[in-house]
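These are my notebook entries on a structure that I looked up element by element.

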Number of protein chains: 2
Amino acid sequence: MIVTIIGPGLIGGSIAIGLRESGFATRLIGVDRNADHAAHAVALGLVDEVRPLAEAIRESQIIVVATPVDSLVTLLPQVLDLVNNEQIVLDAGSTKGPALQAVAQHPQRARFVATHPMAGTEHSGPTAAVAGLFLGKCCVFTAIEQSAPDAVEVARRLYESLGMRITYLDGAEHDLHVAYVSHISHIASFALALTVLEKEREEDRIFELASGGFSSTVRLAKSNPDTWIPIFRQNRDNVLDVLDEFINTVSRFRTLLIKKDFETFEAYMRQANDISRIIDK
Amino acid sequence: MIVTIIGPGLIGGSIAIGLRESGFATRLIGVDRNADHAAHAVALGLVDEVRPLAEAIRESQIIVVATPVDSLVTLLPQVLDLVNNEQIVLDAGSTKGPALQAVAQHPQRARFVATHPMAGTEHSGPTAAVAGLFLGKCCVFTAIEQSAPDAVEVARRLYESLGMRITYLDGAEHDLHVAYVSHISHIASFALALTVLEKEREEDRIFELASGGFSSTVRLAKSNPDTWIPIFRQNRDNVLDVLDEFINTVSRFRTLLIKKDFETFEAYMRQANDISRIIDK
């Protein structure tokens, strides 16, 4: 298969590496409006060449759009304008509602499969692309009833060639779930980093003591705002709901500390320990 | 050197492994009031044998007290009651104020060096002990002016044999700094885990999507309440102050989302990105 990756960064570049390794892609074309990124993508061997959008699409059987979610909304209709009834378009967006809405009435809607391969790191750009990023992870397919069955089938084979398991959700469900299992973790991490960085102005030795636990909870605070601001903008309502619940939960811990009610505090901790059921599986 | 480890769990057991590997300890004796833990510590080879407290102390040159911080307050005076002017007592507590206060007037105070080797994982008990846990990490020595110089010197060599760098802080400074770089991370992680687990009751498929970012932020939520409740109890005032700042910071993010002020939101994220200066060094 000849595959175009629009936006060969962390996600698009890692997809490229995986598709080449699995043999799914025989040729990879990159499209990137950032000339530096485009050059890196070729130099790193993520794609074989970089081409303008229309040319790349003309030569490809599959087009993967892996840009930030704000660009996705304008790019997806443009890409669909250029594809025929054999070609397949996938996205990799972390939010699904606005992208689905942007193409809902497009005459080529059936050629698009809305997918979210759920993996990542706190790094970004082509240099962040890594082999095996998606192995064993979950890829969410949304609104597949609006996609042509042959397109869904090829998309399924593409992600399975990366070692992913596939889950089906509707767009609204997806956007709510990722607010819980991804977006709120990022805000908590950003807030934690800021809290400690602000203290550092008075206490310059504070970070001598930073240990592994601290590093793992603030790791996501290194994430790129160019990726994340569009996500928070598009998923604002869900993120706000989850943020309210998170603030309530943190405030419950605070109230228990004020009241010195360590019995209830401990009961909450033991409830939270149950998370090992999820993250150790 | 013959070393007794009181509480050969995650921390005490990992110290034992390191002291044996470096050759610092020629014989290791364990003391544990939990018979299962004691048996594990011997079976795993963390210590050569398990003995009652008084016997173990009598045979040792160094006694490391690595119990939860609530036991520390009662154990340290008992241990000091039993040591002569050649023996050295260390603790590994995550809070320093109450332990320092518990021994302040003890006639053998000078034989005690208050230390906090800052490393750990979310696991606990003898089976959690690992080689290399302390390598490259920071060990905080507090209130060393109250310890005999020879005791401080031996403690320094002991932790250096584990590959640690040593920092000196007073007890109050230590307890404030760890609230920022360790304790608050744990509460944020526990709250995040609880928030999502509570949602799971309605949305049973939510965790299918849990990815690496989620796992790293909630990893600490697996931590043992038996270790952490005594820490939160002893360091309650500092933790409350930091918790208030954290809630304020999260609430600022919330307000910006409500106002759709994504410019300021982005400016905060870019400030938080500066955390890479600390955790990537």
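**Entry 1**

I began with helix H9 (residues 225-234) of chain A, whose buried residues are Thr227(A), Trp228(A), Pro230(A), Ile231(A), Phe232(A) and Gln234(A). I call a residue buried if 20 or more other C-beta atoms lie within 10 Å of its own, exposed if 12 or fewer do, and partly exposed in between, with C-beta atoms placed from the backbone. Helices (H or I, at least four residues) and strands (E, at least two) are DSSP runs, numbered from the N terminus.

This is a predicted model, in which local features need pLDDT of at least 70 and side-chain atom pairs count only at pLDDT 80 or more, while totals for chains, interfaces and linings use all residues. Residues are numbered from 1 along each chain as its sequence is written, and chains are lettered from A and ligands numbered from 1 in the order in which they are written.

I then asked which elements the buried residues of H9(A) pack against. Within chain A, they pack against helix H4 (69-82), helix H5 (97-103), helix H7 (171-200) and helix H10 (236-258). From chain B, helix H10 (236-258) and helix H11 (262-273) take part. Contact here means that the C-beta atoms of two residues, placed from the backbone, lie within 7 Å.

**Entry 2: Pro68(A)**

I located Pro68(A) in the loop between S4 and H4 of chain A. Is Pro68(A) buried or exposed? Pro68(A) is buried, because 21 other C-beta atoms lie within 10 Å. Leaving out residues up to four places away in sequence, I noted that Pro68(A) touches Asp226(A), Thr227(A) and Pro230(A). Pro68(A) and Ala92(A) are 24 residues apart in sequence, and their C-alpha atoms are 9.0 Å apart in space.

**Entry 3: strand S5 of chain A**

I checked the side-chain directions in strand S5 (residues 88-91) of chain A: Ile88(A) and Leu90(A) point one way, Val89(A) and Asp91(A) point the other way, and all are buried. In a regular strand the side chains alternate between the two faces of the sheet. Strand S4 (residues 62-65) of chain A pairs with S5(A) in the parallel sense over four bridges; two strands pair if DSSP finds at least two bridges between them. Val64(A) stands opposite Leu90(A) in S5(A).

**Entry 4: the sheet of chain B**

I traced an open sheet of eight strands in chain B, ordered S3-S2-S1-S4-S5-S6-S7-S8, with mixed pairing. Strand S3 (49-50) and strand S8 (165-169) of chain B are the edge strands, each pairing on one side only. Strand S1 (residues 2-6) and strand S4 (residues 62-65) of chain B pair in the parallel sense over four bridges, and Ile5(B) stands opposite Val64(B) in S4(B). Helix H1 (residues 10-22) of chain B packs on the sheet, touching S1, strand S2 (27-31), S4 and strand S6 (112-118) of chain B. The direction of H1(B) makes about 165 degrees with that of S1(B); axes are lines fitted to C-alpha atoms, for helices over the stretch in contact, and angles run from 0 to 180 degrees between N-to-C directions.

**Entry 5: Gly132(B)**

I placed Gly132(B) in the loop between S6 and S7 of chain B. Gly132(B) is partly exposed, with 14 other C-beta atoms within 10 Å. Gly132(B) and Gly18(B) are 114 residues apart in sequence, yet 6.7 Å apart in space, C-alpha to C-alpha.

**Entry 6: the two chains together**

I recorded that 78 residues of chain B are in contact with 78 residues of chain A. H7(B) gives the most to the side of chain B that touches chain A, with 20 residues.

Chain B can be laid on chain A with an RMSD of 0.0 Å by a turn of 180 degrees and a shift of 0.0 Å along the axis, which is the relation of a two-fold axis. The copies are superposed by least squares on the C-alpha atoms of residues with pLDDT of at least 70 in both.
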